Amino acid sequence: MNAIQRIYFDNAATTALDPEVLEAMMPYLTEKFGNPSSNYSYGRETRMAVETARRSVAKILNAHPSEIFFTSGGTESSNTAIHAAIEDLGCSHVISSPLEHHAVLHTINYLQKSKNYTLSHVKLLDSGHVDLEDLETQLARSAKKTLVSLMHANNEIGNMLDIQAVGALCKKHNAIFHSDTVQTVGHFPFDLQNTFVHFITGSAHKFHGPKGVGILYVNEKIKVNPLIHGGAQERNMRAGTENVYGIVGFAKALERATANQDTETAFIKSIKLYTMQQLIKNIPGIQFNGDAYTKSLYTVLNVSFPKTKKSEMLLLNLDSECICVSGGSACTTGETSHVIRAMNKNSERIPVRFSFSKYNNQREVDFVIEKLKGMI
Ligand code: PLP
């Protein structure tokens with residue numbers, strides 16, 4: 001619990017800034033304010049900070065620095081990738097899934113109004129996982145250049161995609177592969193030189209970095225044009241003065257997350273498992289949405305509660321106890337989750353997403369369970 005006694009179990013929406021990340025950013029919010037495009041010393045020192053950050057991020061992801069572009073976050077990165085695949089790489093068939101984040105789902109739907117491409121969705125298994133056999137069938141049947149856009153981990157239910165297996169299918173069928181990896185960069189190791197993928201995305205605020213800064217990885221084997229025009233920044237790929245302190249914060253947050261990944265992963269996993277055990281023990285009739293036990297993000301647990309007169313107000317009642325959880329993606333507050341709907345889940349139940357971080361503990365889980373007992 002933090003100083004004002006709030007319990008924050010919504011770390012898939014955003015995470016608290018790590019104090020060491022803030023410390024690394026501070027000089028670039030104060031005395032090191034130069035524009036990286038300026039040719040005098042102020043500019044050189046911020047240019048150096050941006051390029052050092054790029055090298056560090058590339059090394060951690062096992063990519064080349066020239067493959068890393070800093071953006072405003074996951075949404076912009078996915079917009080750029082999808083746009084580029086259609087506009088520059090000639091993709092006229094897009095295969096995706098109805099469980100994607102709106103940054104992908106809405107972009108694909110929007111671009112269809114002006115660009116000429118067919119869109120198909122992969123079949124889903126009962127667990128909510130992508131049916132890889134169906135993906136293979138669709139790829140084999142498609143005579144057109146195809147973009148496959150499938151997220152690495154679902155932000156609402158936590159299901160994880162076998163990115164290597166999808167990459168291998170895309171390689172076999174000569175398809176372009178984009179994966180929204182916003183929930184996994186900073187949480188899992190990446191080895192991009194040995195992964196068949198053309199675009200991945202990252203967002204600092206999902207791993208204790210600042211909001212408003214992300215990355216787009218573009219595989220060096222492809223050549224694409226920018227989405228945002230008006231300057232030569234990011235080697236002509238993303239115009240606009242760089243968010244220097246954000247970029248420094250992105251790299252520092254990724255370095256911190258990577259240095260402690262094994263211990264933090266084990267710790268957060270134990271909190272998720274403990275929550276599952278306590279829910280099963282104390283709350284009758286709960287169900288876990290998605291594949292909570294096996295191929296699942298260790299930070300996310302999506303639970304369906306039985307609908308009763310009391311539980312209909314669950315999120316509101318939890319909030320009044322200073323417990324922060326969500327009904328789904330932070331970008332769709334108030335609506336029924338499109339992910340739960342696409343999985344054909346019973347609308348007579350109340351889905352709640354709990355998502356954990358290194359700053360949580362078991363006492364918080366115990367407190368939440370006690371409160372839940374009275375609310376269901
Ligand atoms: N993709 C996924 C899976 C997400 O969870 C989010 C954040 O909610 C985004 C994309 C959007 O990222 P950003 O907030 O950096 O634009």
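Strand β8 (residues 214-218) is largely enclosed by the rest of the structure, because 5 of its 5 residues are buried. Here, buried means under 20% relative accessible area, exposed means over 50%, and partly exposed is in between, with a 1.4 Å probe and protein chains only. Welcome to a predicted model, in which local features need pLDDT of at least 70, side-chain atom pairs count only at pLDDT 80 or more, and totals for chains, interfaces and linings use all residues. Residues are numbered from 1 along each chain as its sequence is written, and side-chain values use heavy atoms, leaving out hydrogens and water.

- Helices (H or I, at least four residues) and strands (E, at least two) are DSSP runs, numbered from the N terminus.
- In a regular strand, side chains alternate between the two faces of the sheet.
- In β8, Gly214, Leu216 and Val218 point one way, while Ile215 and Tyr217 point the other way, and all are buried.
- Strand β2 (residues 68-71) runs antiparallel to β8 and is joined to it by 4 bridges; two strands pair if DSSP finds at least two bridges between them.
- Phe69 has Leu216 in β8 as its bridge partner.
- Strand β7 (residues 199-203) also pairs with β8 in the antiparallel sense, over 5 bridges, and here Ser203 stands opposite Gly214.

**Around the ligand**

- Gln183 has a polar side-chain atom 2.8 Å from an oxygen atom of the ligand.
- For Asp180, an N or O atom in the side chain is 2.7 Å from a nitrogen atom of the ligand.
- The residues surrounding the ligand also include Gly73, Gly74, Thr75, His101 and Lys206, where near means that a heavy atom of the residue lies within 4 Å.

**The three-stranded sheet**

- An open sheet is formed by 3 strands in the order β9-β10-β12, with antiparallel pairing.
- β9 (287-288) and β12 (349-355) stand at the edges with a single partner strand each, so one side of each has no neighbour in the sheet.
- Strand β10 (residues 300-306) pairs with β12 over 7 bridges, and Val303 stands opposite Val352 in β12.
- Helix α9 (residues 261-282) lies across β9 and β10, at about 10 degrees to β10. Axes are lines fitted to C-alpha atoms, for helices over the stretch in contact, and angles run from 0 to 180 degrees between N-to-C directions.

**Residues to look up**

- Thr46, in helix α2 (residues 41-60), is buried with a relative accessible area of 0%. Among the residues it touches are Tyr28, Lys32 and Val244, contact being heavy atoms within 4.5 Å.
- Most residues other than glycine have a negative phi.
- Glu234, in helix α7 (residues 233-236), has a positive phi near 50 degrees and is buried at 4% relative accessibility.
- Cys322, in the loop between α10 (314-320) and β11 (323-324), has a positive phi near 65 degrees and is partly exposed at 32% relative accessibility.
- The closest cysteine sulfur to that of Cys322 is in Cys324, 7.3 Å away and too far for a bond. The count is 0 disulfides, a disulfide being a pair of cysteine sulfur atoms within 2.5 Å.

Note on methods:
A polar contact is a pair of N or O atoms within 3.5 Å; within protein, one must be able to donate a hydrogen and the other to accept it, and residues adjacent in sequence count only if both atoms are side-chain atoms. Lists of a residue's contacts leave out its neighbours within four places in sequence.
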